[in-house]
Amino acid sequence: KKVGVLISGTGTNLQALIDATMNPTRHIGAEIVLVISNKLDVEGLKRAERANIPTKVLRHTNFSSREEFDEAMHDELVKAGVDIVCLAGFMRILSGAFTRKWKGRLINVHPALLPLFKGTQAQKQAIEAGVRVTGCSVHFVEEDVDAGAIITQETVPIHIGDTVEVLVERIKTAEHRCLSCSVTITSD
Ligand code: GRF
C-alpha cells in the first residue's frame, strides 16, 4: 500500500514510519510515497528528504479557505497514488469533505487514551487530572475531531513529578510503535 504522511513539525512519528517501512525484516506492507507539510522548513521535511521521499509544502495561509487547502492536499495525494493517509503531528483540522473522501483510509496518532483527553493539550490534561496512566491512540479520522474507531492503543505511566515535556517524550516512544503497527493493520 502507498502511504501519504501529513506533518506540521518535528516528524519523529514520520521517522518511525520511515524506519519501519524501510526495514525489510518488518514486512509492513506499506511504502511512504509522499510527505506533505503545511509549514516550511520543519524538521520532518528534512527527515523525508534524507530518506529520498518526495515532499510537498502546502501553506494553509496561501489558501482562502480550509476547503480549498484540503482540496489541494487531496489532489497531491491522488496524484501520488496514495492509498492510506497518515496524520503524524499534523496540526490542522480537516474539512468534512476531506475526511469523507478518505474515510477508512485516514488515520491519526493522538497522545492520550481516547476517548479521554481530546484536543491539542492531551498530555497536560492528563497531568492535571492526576491520572497515573495515560497513553496514545491511533484511530481512523472522522469529521468529529479525535473521534473514529480506534486501531491501536498503548498505555504509558505518569510518574509523580513528571513535567509535560517529559511526558510528551515518553508518550512519543509509544506513538512510534503504535503508528507502524496501525499502518500494517490498515494495509491488510
Ligand atoms: C505527537 O505527539 C502527536 O500525537 C501529536 O503531535 C505530536 C507530533 O510529534 N498530534 P512528531 O512531529 O511526530 O515528533
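This is a predicted model: local features need pLDDT of at least 70, side-chain atom pairs count only at pLDDT 80 or more; totals for chains, interfaces and linings use all residues.
# Sheet, ligand shell and local features

Biologist: In which sense do strand 5 and strand 6 pair, and over how many bridges?
Modeller: Strands are DSSP runs of E with at least two residues, helices runs of H or I with at least four, both numbered from the N terminus. Two strands pair if DSSP finds at least two bridges between them. Strand 6 covers residues 133-140, and its pairing with strand 5 is antiparallel, over four bridges.

Biologist: Which residue of strand 6 is the bridge partner of Asn-108?
Modeller: The pairing of strand 5 with strand 6 is antiparallel. Within strand 6, the bridge partner of Asn-108 is His-139.

Biologist: In what order do the elements run?
Modeller: The chain has six helices and seven strands. From the N terminus on, the order is β-α-β-α-β-α-β-α-β-α-β-β-α.

Biologist: How many residues of strand 1 are buried?
Modeller: Buried means 20 or more other C-beta atoms within 10 Å of the residue's own, exposed 12 or fewer, partly exposed in between, with C-beta atoms placed from the backbone. Strand 1 pairs with strand 2 in the parallel sense over six bridges. Its Gly-4 has Leu-34 of strand 2 as bridge partner. Strand 1 is largely enclosed by the rest of the structure, because the buried residues number five of the six.

Biologist: What radius of gyration does the chain have?
Modeller: The C-alpha trace spans about 50 × 45 × 30 Å along its principal axes. The radius is taken over C-alpha atoms, and the globule rule is 2.2 Å times the number of residues to the power 0.38. For 188 residues a compact globule would be near 16 Å, and the chain agrees, with 16 Å.

Biologist: Which element gives the largest share of the shell around the ligand?
Modeller: A residue counts as near if its C-beta atom, placed from the backbone, lies within 6 Å. The shell has 14 residues, the closest being Thr-10, Thr-12, Asn-13, Gly-89 and Pro-111. Two or more residues each come from helix 1 (12-22), strand 5 (106-110) and helix 6 (164-187). The largest share, three residues, is that of helix 1.

Biologist: Is Gly-44 buried or exposed?
Modeller: Gly-44 is in helix 2. Contact means C-beta atoms, placed from the backbone, within 7 Å; beyond four places in sequence, Gly-44 touches residues including Thr-10, Leu-14 and Val-35. It has 25 C-beta neighbours inside 10 Å, so Gly-44 counts as buried.

Biologist: Which residues is Asp-83 in contact with, leaving aside neighbours within four places in sequence?
Modeller: Asp-83 sits in the loop between helix 3 (66-79) and strand 4 (84-87). It is partly exposed, with 16 other C-beta atoms within 10 Å. Its contacts are Lys-1, Lys-2 and Arg-105.

Biologist: Which residues does the cis peptide bond join?
Modeller: Pro-115 lies in the loop between strand 5 and helix 5 (122-129). Omega is about 10° for the bond joining Leu-114 and Pro-115.

Biologist: Is Phe-117 buried or exposed?
Modeller: Phe-117 is in the loop between strand 5 and helix 5. Its phi is positive, near 50°, though the residue is not glycine. With 22 other C-beta atoms within 10 Å, Phe-117 is buried.

Biologist: Is His-27 buried or exposed?
Modeller: His-27 is in the loop between helix 1 and strand 2. Its phi is positive, about 50°, and it is not a glycine. With 9 C-beta neighbours inside 10 Å, His-27 counts as exposed.

Conventions:
Residues are numbered from 1 along each chain as its sequence is written. Two residues are in contact if their C-beta atoms, placed from the backbone, lie within 7 Å.
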